[in-house]
Amino acid sequence: MGQNARLGGTITIGEDVLMGPEVVMMATSHAFDRVDIPINQQGSSVEQPIVIGDDVWIGTRAIILPGVQIGSHSIVAAGSVVTKSCEPYSIIGGTPAKLIKMRKI
């Protein structure tokens, strides 16, 4: 795990995972359904666990949001904001992260 990583909620991390500095993984978020009261008074939304497969490389300052599953043998580019799950052997990046290419031929 990289320096200054921040993990919150239920997160499962597989074997042989590399994680750069300042990675953020949050399985919870703020509730914002109601417009009649401030967001800071609405509490948290329902937790959505995060699952990181085996042999995954997560680059510096990547952010992984609630409910995301990163498939085994994947790479998450530095600075990415991951809002959706990806298949094994994926290389994803960007804001929001999307598939760049597959590692397997």
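In which sense do β11 and β12 pair, and over how many bridges? They pair in the antiparallel sense over 5 bridges. Two strands count as paired if DSSP finds at least two bridges between them. Strands themselves are DSSP runs of E with at least two residues, numbered from the N terminus.

Before we go on, a word about what you are looking at. This is a predicted model, in which local features need pLDDT of at least 70 and side-chain atom pairs count only at pLDDT 80 or more, while totals for chains, interfaces and linings use all residues. Residues are numbered from 1 along each chain as its sequence is written, and side-chain values use heavy atoms, with hydrogens and water left out.

Let us stay with β11 and β12 for a moment. Together they form a hairpin, with 2 residues between them. Now look at the loop between β11 and β12, where P96 has its place. The peptide bond leading from T95 to P96 is cis, with omega near -5 degrees.

Is S90 buried or exposed? S90 is buried, at a relative accessible area of 3%. For this label, buried means under 20% relative accessible area, exposed means over 50%, and partly exposed lies in between, using a 1.4 Å probe and protein chains only. A polar atom of the S90 side chain lies 2.6 Å from the backbone oxygen of E87. Beyond its neighbours within four places in sequence, S90 is in contact with S74, I75, L99, K101 and M102. Contact here means heavy atoms within 4.5 Å.

Look for W57, which stands opposite I75 in β9.

There is also an open sheet of 3 strands, with the order β2-β5-β8 and parallel pairing. Which strands stand at its edges? They are β2 (11–13) and β8 (69–70), each with a single partner strand, so one side of each is left without a neighbour in the sheet. β2 pairs with strand β5 (residues 50–52) in the parallel sense over 3 bridges, and I11 stands opposite I50 in β5.

Next comes the nonpolar core. A nonpolar core is a set of buried Ala, Val, Leu, Ile, Met, Phe, Trp, Tyr and Cys residues joined through side-chain atoms within 4.5 Å. The largest one has 19 residues, of which M25, I52, I58, I64, I70 and V82 touch the most other members. Take I52 as your guide: not counting residues up to four places away in sequence, I52 touches T12, I13, G14, V17, M25, I58, I64 and I70.

Finally, turn to the charged side chains. A salt bridge is a side-chain nitrogen of Lys or Arg within 4 Å of a carboxyl oxygen of Asp or Glu, and by this rule there are 2 salt bridges. In one of them, the side chains of E22 and R61 meet at 2.5 Å, N to O. E22 lies in the loop between β3 and β4 (24–26) and R61 in the loop between β6 and β7 (63–64), so the pair ties together parts that are 39 residues apart in sequence. E22 is partly exposed at 31% relative accessible area, whereas R61 counts as exposed at 52%. E22 also has a phi near 60 degrees, a positive value in a residue other than glycine.

The side chains of R34 and D36 also meet in a salt bridge, at 2.6 Å, N to O. Here R34 counts as partly exposed, at 45% relative accessibility, and D36 is exposed, at 53%.

Methods. Helix = DSSP H or I, 4+ residues; strand = E, 2+ residues; numbered from the N terminus. Polar contact = N/O pair within 3.5 Å; in protein donor to acceptor, adjacent residues only side chain to side chain.
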